[in-house]
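Please read the numbered points alongside the sequence and the coordinates.

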Amino acid sequence: MSTPEDEKAAKKADFKKKFAGMGLKKAAASSTTTSDNTGHLKLPPCRITLKITNLEDHPEHERNPKDNTLLAFGEDNPFLAPILSAEYLTPIDSVKRVIQIKLDMTGYNPPYEPGDYMCIVCPNSSDMVNLVLDRLGQNPHQIIEIDKVSTSLEGLPTHIRTPCTLKHALTNYCDLTVAPSKKLLRMLAEYSQGEDAKELLRLSGTSGRDDYIKFLNSHPALIDILNLHPSCKPDLAHLLDLLPPLTPRDYSIASSPLQSKDVITIIFSVVDFPSTNKTVKGLCTNWLEAQARLHLEPSPSSSSTSSIDSTDEITTKLSQLQIPSSSSSSSSTQDSKNKPKVACFHKSSVFRLPEDPQQPLILIGPGSGIAPLLGFISHRHEERKNFPVGPIYLFFGCRYSTTDFLTIRQQFVEYADAGSLTKFVCAFSRDTDDTVYVQQKLVENGEDVCKLMTQEDAKVYICGDAKGMAMGVRDAFLEILKKHVPDTDHKKAMEILASWSLEKRYVL
């Protein structure tokens with residue numbers, strides 16, 4: 001799994017292609033491992049052997065190894081952060097449930113900046129692990145130990161820290177839900193019979209390329225593959241060797257260290273959508289929702305809350321909003337010993353505020369993409385108490401004005417009333433029959449946006465759906481340039497946009 005830094009670097013490297021009309025590309029689904037002369041993928045060798053012993057033969061600390069408390073907090077030793085508060089930012093029955101969680105960082109206090117990440121270390125669900133163990137016919141409590149590895153082969157599974165129980169390994173070290181690689185399918189074919197073996201061989205080979213892509217679109221987890229091929233009985237060592245590591249999930253920090261070093265906020269959408277014969281649930285987002293269940297309060301309904309109008313200027317005063325204050329405000333002072341905890345660690349990002357606090361900002365972030373931008377605005381708000389800061393134009397979008405992101409929009413009104421937010425433009429995509437998105441609001445405010453970019457050296461930050469929204473925003477800027485910059489055709493507008501990217505003034 002690529003890191004956010006890798007993804008941003010790839011986007012920059014491919015900038016010219018994207019802006020030449022090629023668009024954003026999907027990640028390649030197929031593997032590039034060498035095939036034999038039959039068109040079948042060569043069987044990946046098993047690089048490990050397992051030593052399996054009974055539970056009684058190992059001391060307690062070796063059964064489910066714990067992280068070394070002497071290590072600095074990081075991926076190998078995540079910090080256990082108590083959840084101070086949590087709330088739904090959209091209705092609980094919304095198509096996209098969005099949650100805001102506040103984490104207690106007391107004892108860690110990472111030196112983060114707005115735009116950085118909190119990496120969440122989540123386990124596989126116990127239900128999923130038990131299903132896999134039952135299907136494999138393995139004792140969950142047996143102790144496994146990587147007894148021998150082949151030093152001549154690369155990429156050994158060092159993420160599995162043994163000795164530990166098999167259940168512990170499958171719960172914490174191996175990703176059971178990620179899209180299967182062709183290597184994994186080829187290995188499973190080796191331990192299958194009849195039609196099961198033929199299908200798995202075809203999916204992993206060159207002749208089944210199109211079917212492999214269709215297969216991935218059904219979002220099969222390991223248990224789905226095993227159940228679809230009942231004769232498959234993989235060797236445990238070979239399976240553990242090829243299962244990918246369960247990697248931490250990155251979430252942009254939505255707060256500023258100038259507000260509180262002890263509390264970090266994250267905002268995320270719960271991944272939950274229908275697929276072929278099942279509902280696909282995002283591993284980490286659903287786990288976080290479950291961990292925060294005791295704190296979660298439904299988003300205020302339209303019957304008890306007045307909406308914030310989607311006007312260009314902020315005219316609604318905070319006193320007009322009838323949003324109930326969250327009871328979580330006092331929870332940060334409570335004892336956190338019994339609170340649910342989240343294993344996490346800080347990671348730096350290239351998505352950072354400019355060094356000059358007076359440089360104007362144009363922030364574009366619909367939905368949960370608002371997270372790092374909220375951190376930016378909060379940081380500038382705190383900086384403004386001590387020295388002058390530049391103007392901020394915020395273009396935000398959500399589905400409904402009466403129910404969505406009320407708490408966050410309340411914060412924006414506070415910042416606008418204080419003078420920290422210059423313009424707040426909100427697009428509500430489902431309030432009317434005509435869908436309205438942030439890119440349309442950009443065009444409507446094109447004259448101001450163009451002036452900020454061409455005359456005041458503003459910097460644009462775009463955060464959200466790279467596949468759809470980001471391309472729409474690109475097209476909106478091209479339209480703005482052609483309309484408001486004299487003698488600018490499409491080609492020249494593309495060149496201007498490309499120059500902004502190279503100057504790091506147009507940041508995705």
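Predicted model: local features only at pLDDT ≥ 70, side-chain atom pairs only at ≥ 80, totals over all residues.

Where is the place of Pro-163? Point 1 takes this up, after a word on the basis of the note. Residues are numbered from 1 along each chain as its sequence is written, and side-chain values use heavy atoms, with hydrogens and water left out.

1. Pro-163 is found in the loop between strand E5 (143-149) and strand E6 (164-165). The peptide bond that joins Thr-162 to Pro-163 is cis, with omega about 5 degrees. Helices (H or I, at least four residues) and strands (E, at least two) are DSSP runs, numbered from the N terminus.

2. Phe-405 has a positive phi, near 55 degrees, and lies in the loop between E13 and helix H13 (406-418). Phe-405 is buried, its relative accessible area being 3%. Asp-457 also has a positive phi, near 55 degrees, in the loop between helix H15 (446-455) and E15; Asp-457 is partly exposed, with a relative accessible area of 44%. Here buried means under 20% relative accessible area, exposed over 50%, and partly exposed in between (1.4 Å probe, protein chains only).

3. An open sheet is formed by five strands in the order E14-E13-E12-E15-E16, with parallel pairing. Strand E14 (423-428) and strand E16 (506-507) are at the edges; each has a single partner strand, so one side of each lacks a neighbour in the sheet. Strands count as paired if DSSP finds at least two bridges between them. Strand E13 (residues 392-398) is joined to E14 by six bridges, and Phe-396 stands opposite Cys-426 in E14.

4. The structure holds zero disulfides, a disulfide being a pair of cysteine sulfur atoms within 2.5 Å. For Cys-122, the nearest cysteine sulfur is that of Cys-284, 3.8 Å away; Cys-122 is buried, with a relative accessible area of 5%. For Cys-426, the nearest is that of Cys-398, at 4.6 Å, and Cys-426 is buried at a relative accessible area of 2%.

5. In helix H6 (residues 182-190), seven of the nine residues are buried, among them Lys-182 and Arg-186. Their cover includes helix H7 (194-204), helix H8 (209-217), helix H9 (222-228) and helix H10 (236-242).

6. The largest nonpolar core has 36 residues, of which Leu-170, Cys-174, Leu-176, Leu-188, Leu-240 and Leu-243 touch the most other members. Helices that each supply at least two residues of this core include H6, H7, H8, H9 and H10. Such a core is a set of buried Ala, Val, Leu, Ile, Met, Phe, Trp, Tyr and Cys residues joined through side-chain atoms within 4.5 Å. Neighbours within four places in sequence aside, Leu-243 is in contact (heavy atoms within 4.5 Å) with residues including His-159, Asp-175 and Leu-222. A second, separate core of 31 residues includes Met-118, Cys-119, Ile-120 and Phe-268.

7. Buried residues of H16 include Met-469, Arg-474 and Phe-477.
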